[in-house]
Amino acid sequence: MKFRFILLAFLLGTLSFSGKAFQITKDSKYLTTIENVDFNTEDATDQYLQRLSAEQKENSDSYFEGGYWLDLFAFVIDFVIVWVFLSFGLSRWIKNRAEKFRNVHIQNFIYLVLYFLFSYILVFPFTIYRGFFREHSYNLSNMSFGGWFSEEMIGLALSMFLLSIFIVLLYWIISKVKESWWIWGSVIMVVFLVFSMFISPVFISPLFNEYKPLENQEIKEEILSMARANGVPADNVYQFDASKQSNRISANVSGFGSTIRISLNDNLLNQCSPAEIKAVMAHELGHYVLNHVYEMLIYIAILIFIGMAFVNWAFHKLIKRFKTRWAISGISDIVGFPLFVFLFSAFFFIASPVMNNIVRSNEVEADNYGLNTAREPDGFASVAMKLSAYRKINPGKLEEYIFFDHPSGKTRVYNAMQWKAEHLDEFAEN
Ligand SMILES: [Zn+2]
């Protein structure tokens, strides 16, 4: 930046010497900066916020706030399900079917496949409302019922088979180590988490979307140049066809070790200006360069350990209390699996504000990295406005603290405008 300033000063001197001073200084950096002294962060933020009409704001607020209640309702449903499985004897009934097989691991596997199937059927009315009808009512989905349902079935098949195999392994470890089961159980869970992070971009995401190297040559060069400048290999940047599911703009960093990559969706590429794309891409580079994937893994691992300690404590208390009704012999008895799932998810439900704060603090870091790297505060602010189609734009402070895993639109626009106010000399040409 300094170099450009010196060059400009030099040009100015030379040209004014040749008698064209007025014409040139009018466009000069120095004068524009003086004009920009009027730039006001609050006003600039307000101008962006006004891009959302009253109706659009009402829609995105109600969509997002409805999500809080649906999360709570989902928790209540989890409770009902564990009740149906344990107190109505469904869990015991499934175990009895599975006992036709002699090998305990096969018994557990059969139990788990049936457990995932039955719990999916029990929750299905809620799933179809939240995932299909509600999305359509807010105009956020591009999927036909058939398309939506087939993705659901892929998800169900993955939990019925991949997840079941992992849980069989977990129960095998539990039966071996007895007392310290929750410590070893946590270790296994973290290992499985790393494994699924590793295979996800290569084997799981492609089941839902087509991933390929970036196509648009103009944008590609700019993005890849920024990637190179930040030490991210070009092979690690992909695009995918999210428009088949919705019009939402998004990008992400996924994978682990050799499979780590940045993916931009086609909505971002089709609906956004080069400045906006650059701003988003620089944010994603931030996640990549700052090793957020690994940092998140450490945080989640800590939460898993605490969660398993909680499950260990609560599980034993509850099976003692409901001994005659549930007849669960201990933690290694697969009949108690629904209770295990409920307690574990209850812990993560209660810990969700903690989780949101961990994720949001990384998002803030990536936002700052992105602003400093792309140097496109307006691109960033306008893309933050576009994201507000499905994220409440201006929540209260406490609301943002508890429920938001990304900074709110208003916070993002304000930060971008503050950054701009403090780097006005770069925007002399505008
Ligand atoms: Zn992010």
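**Notes on the model**

1. Asn267 touches Ala242, Ser243, Ser246, Asn247, Arg248, Ile249 and Cys272 once residues up to four places away in sequence are set aside, contact meaning heavy atoms within 4.5 Å. This residue lies in helix H11 (residues 266-271), where helices (H or I, at least four residues) and strands (E, at least two) are DSSP runs numbered from the N terminus. Asn267 is buried, with a relative accessible area of 3%; buried stands for under 20% relative accessible area, exposed for over 50% and partly exposed for what lies in between (1.4 Å probe, protein chains only). Between the C-alpha atoms of Asn267 and Lys244, which are 23 residues apart along the chain, the separation is 9.7 Å.

2. On provenance, this is a predicted model, in which local features need pLDDT of at least 70 and side-chain atom pairs count only at pLDDT 80 or more, while totals for chains, interfaces and linings use all residues. Residues are numbered from 1 along each chain as its sequence is written, and side-chain values use heavy atoms, with hydrogens and water left out.

3. The sheet is open and has 4 strands in the order S1-S2-S4-S3, with mixed pairing, two strands being paired if DSSP finds at least two bridges between them. S1 and strand S3 (251-254) are the edge strands, each pairing on one side only. Neighbouring strands of this sheet are turned by 35 degrees against each other on average, direction ignored; axes here are lines fitted to C-alpha atoms, for helices over the stretch in contact, and angles run from 0 to 180 degrees between N-to-C directions.

4. Strand S1 (residues 211-213) pairs with S2 in the antiparallel sense over 3 bridges, whereas S2 and strand S4 (residues 261-265) run parallel and are joined by 4 bridges. Tyr238 of S2 is the bridge partner of Pro213 and stands opposite Ser263 in S4, while Gln239 is the partner of Lys212.

5. Which residues of strand S2 (residues 237-240) point one way, and which the other? Val237 and Gln239 share one direction, Tyr238 and Phe240 take the other, and all are buried. In a regular strand the side chains alternate between the two faces of the sheet. Helix H12 lies across S2, S3 and S4, running at about 15 degrees to S3.

6. The zinc ion is coordinated by His283 (NE2), His287 (NE2) and two OE atoms of Glu363, at 2.0 to 2.7 Å; donors are N, O and S atoms within 2.8 Å of the metal (3.2 Å for Na, K and Ca), and water is not among the atoms, so sites may look incomplete. Along the chain the donors follow the spacing H-x3-H-x75-E. Because His283 lies in helix H12 (residues 274-289) and Glu363 in helix H16 (residues 352-374), the pair ties together parts that are 80 residues apart in sequence. Both His283 and Glu363 are buried.

7. Ser60, in helix H5 (residues 54-87), is buried with a relative accessible area of 1%. Leaving aside neighbours within four places in sequence, Ser60 is in contact with Ser388, Ala389, Tyr390, Arg391 and Lys392.
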